[in-house]
Amino acid sequence: MKKYLVIGNPIEHSLSPKLHNYWFKKNNINASYDKKKIEKSEIQEIVSEIKNNKLDGLNVTVPFKSDVIPFLDELSEESKITQSVNTIYMHDKKLIGHNTDIKGFELSLKETQFELKNKSIFILGAGGVVPSIIYALEKLKVLKIIISNRTKQKAENLKRNFSKINVVDWGDRPEFDIIINATSLGLSNEDNLGLNFKNINKEKLFYDVIYNPKETNFLRTGKKLGCKVFNGKMMFIYQALEAFKLWHKVQPEINEDLINFLDA
Ligand code: ATR
């Protein structure tokens, strides 16, 4: 039986085992997928278990997506530029790190059916997932990407790899067509971004990377303004789908049943 694992800290909230095990059943794949809370000092040993055939693949989540990089033999182009790895597999006796968050974000954004041409995107946050979002948006050739982060220097640092982004002060709210919350503000129901959304027309998209809770205050604000809103659920599902395809060479199905199953 093949064995897969997602590592992170915290990890209790992760729905990855539920999703991958569901797809194993549906596709008659003899494998199991677990989650493990680890400390940074344990990364090397766990990653080496893939080389020793004790594990067949790993997903990596917050806060270790960069920390795993020194223990891998090769990185995909996407992982190199974003310095972020969420999926690890063996290929030709080499440990490869890949980033499926990019494709996950891209596919989820497509699903919103929001027109991207000539659009300005305002991203809140500069944490682990933001390079993947910027990478996807640049690939999609949006007009402008603006970043705001409480710790401004972290947003400025993103310019090293993404020279075309614009950085504004935390609390500023520039003109935008799509606003993306990539901060952890919203995980608690009382969290508020404290931005001024007065005089916003309803032609905007509010996208929250958070999917639990389903509707953050940020998305509620967007809804009240009459804007389109979208949470991080589909991004989560699509990043898992891309990892599943890499590991099993099978395209798993995403349908209403699966989405309800994850909600239950
Ligand atoms: P990391 O920053 O370690 O990569 P993350 O969960 O990927 O962690 O990112 C958390 C994001 O939420 C960061 O952009 C963080 O802003 P800082 O860089 O200033 O820490 C943001 N964030 C978390 N709590 C916040 C708060 N109370 N107000 C504003 N932004 C917050």
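This is a tour of a predicted model, stop by stop, with what to select at each.

Residues are numbered from 1 along each chain as its sequence is written, and side-chain values use heavy atoms, with hydrogens and water left out. Local features need pLDDT of at least 70 and side-chain atom pairs count only at pLDDT 80 or more, while totals for chains, interfaces and linings use all residues.

**The sheet.** Next, colour β5 (residues 87–91) and β6 (residues 94–98), which pair in the antiparallel sense over five bridges. Threonine 87 has histidine 98 of β6 as its bridge partner.

**Asparagine 30.** Move to the loop between α1 (16–26) and β2 (31–37), where asparagine 30 is found. Asparagine 30 is exposed, with a relative accessible area of 53% (exposed means over 50%, buried under 20%, partly exposed in between, with a 1.4 Å probe and protein chains only). Leaving aside neighbours within four places in sequence, asparagine 30 is in contact with Met1 and Lys2 (contact means heavy atoms within 4.5 Å).

**Helix α4.** Select residues 101–111. Eight of the 11 residues of α4 are buried, so this helix is largely enclosed by the rest of the structure. Among the buried ones are Asp101, Phe105 and Glu106. Their cover includes α3 (77–82), α5 (130–139), β10 (178–181) and α8. Just after α4, glutamine 113 takes a positive phi of about 60°.

**The cores.** Finish with Ile123, Leu137 and Ile180, the residues with the most contacts inside the largest nonpolar core, which has 56 residues (a core is a set of buried Ala, Val, Leu, Ile, Met, Phe, Trp, Tyr and Cys residues joined through side-chain atoms within 4.5 Å). Helix α8 (residues 233–248) gives the largest share, 10 residues. Domain 1 (2–99) and domain 2 (102–233) both contribute, so this core lies between them; the bounds come from an automatic or database domain assignment. A second, separate core of 18 residues includes Ile50, Leu55, Leu58 and Val68.

Technical notes:
Helix = DSSP H or I, 4+ residues; strand = E, 2+ residues; numbered from the N terminus. Pairing = 2+ DSSP bridges.
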